[in-house]
Amino acid sequence: MTEAVAPRRRSGRWIAVLIVLVVLVAGAVVAAEFIARSVVTNTVRSLVVKNVGIPDGQEVDVSVAGIVLPQLLSGRLDDVSVRSDDVTLGPLTGDVLVEMQGVPVSGGAAATGGSASVRLDEGQLRTLLAQIPDFPSGTVGLAAPEVTFQSELSLFGVGVPVGVAVTPGASQGDITLTPASFDLAGNTIDADTLRAQFGGVADAVLGTRSLCIADRLPAALTLTSATVQGQTLVAGFDIAGGVLNDPALQANGSCG
């Protein structure tokens, strides 16, 4: 009986040893992953924040998708997200989300590319649009999918209030506001009806307004969209991967 039991005990001890080894290795991998993720997020924060233009000292949340260790071995991080609320990015102040792909671990090469969005609430949008000369930014409101503001047209020396709804957009680095409809004495009318009633005076509200922001942002950021989503205006950007290593793309762009 003894000789039959002994092999089972030895086999049991080996299984226990293997289980302990597996647990130790798994623990070491988890610890290494935790340390690597911490180091990487801190490094990425400094790299992206500096080159995209987010102010130093701004509270920023960085996340790296997937398991970090294999990505470190490959030399690139697949997907990196950087979030920060109430941050000033050039002429824009709002909640910023930057998403970069193929971010080099060394930081000395270009990323594959990326995108960014800045969400502005009504107050932040008013501050931005106040930069347009003679624009009634204090009356700006948000009514998805449009931006609204109040103006006044003079007819025979009498000021007539006109509500204007404009569709936001993007063109060559400019945020654009294109008239969509008008509110006159509680009635919604189109551009032709407004012109028929006011003639050339209506030109004051019929034209597209624009504000260039490209000259105050890194050249790597290209404004691609401006849309009203709920109670916010969302400005969308494409980001050239070279923003991480190309001084020309890190410098401010230009208008037109």
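The following dialogue examines how several terms apply to this predicted model.

Mentor: In this predicted model, local features need pLDDT of at least 70 and side-chain atom pairs count only at pLDDT 80 or more, while totals for chains, interfaces and linings use all residues. Residues are numbered from 1 along each chain as its sequence is written, and side-chain values use heavy atoms, with hydrogens and water left out.

Trainee: Where is confidence lowest, and where is it highest?

Mentor: pLDDT is the predictor's confidence in each residue, from 0 to 100. Its mean is lowest in helix α1 (residues 2–52), at 57, and highest in strand β12 (residues 232–239), at 96. Over residues 16–30 the pLDDT is below 50. Where pLDDT is low, predicted coordinates should not be read in detail.

Trainee: Why is G94 called buried?

Mentor: Buried means under 20% relative accessible area, exposed means over 50%, and partly exposed lies in between (1.4 Å probe, protein chains only). G94 has 0% relative accessibility, so G94 counts as buried. This residue is in strand β3 (residues 92–104).

Trainee: Why is T176 buried, given its relative accessible area?

Mentor: The value for T176 is 13%, and T176 is therefore buried, since the limit is under 20%. T176 belongs to strand β8 (residues 174–184).

Trainee: Why is E122 called partly exposed?

Mentor: E122 has 31% relative accessibility and therefore counts as partly exposed. R126, at 30%, also counts as partly exposed.

Trainee: How many salt bridges does a search of the whole structure find?

Mentor: The search finds three. Among them, R195 pairs with D203 at 2.8 Å, N to O, and D215 pairs with R216, whose closest N and O atoms are 3.5 Å apart.

Trainee: Which residues have the most contacts inside the largest nonpolar core?

Mentor: They are L92, L194 and F237, in a core of 62 residues. A nonpolar core is a set of buried Ala, Val, Leu, Ile, Met, Phe, Trp, Tyr and Cys residues joined through side-chain atoms within 4.5 Å.

Terms used:
Helix = DSSP H or I, 4+ residues; strand = E, 2+ residues; numbered from the N terminus. Contact = heavy atoms within 4.5 Å. Salt bridge = Lys/Arg side-chain N within 4 Å of Asp/Glu carboxyl O.
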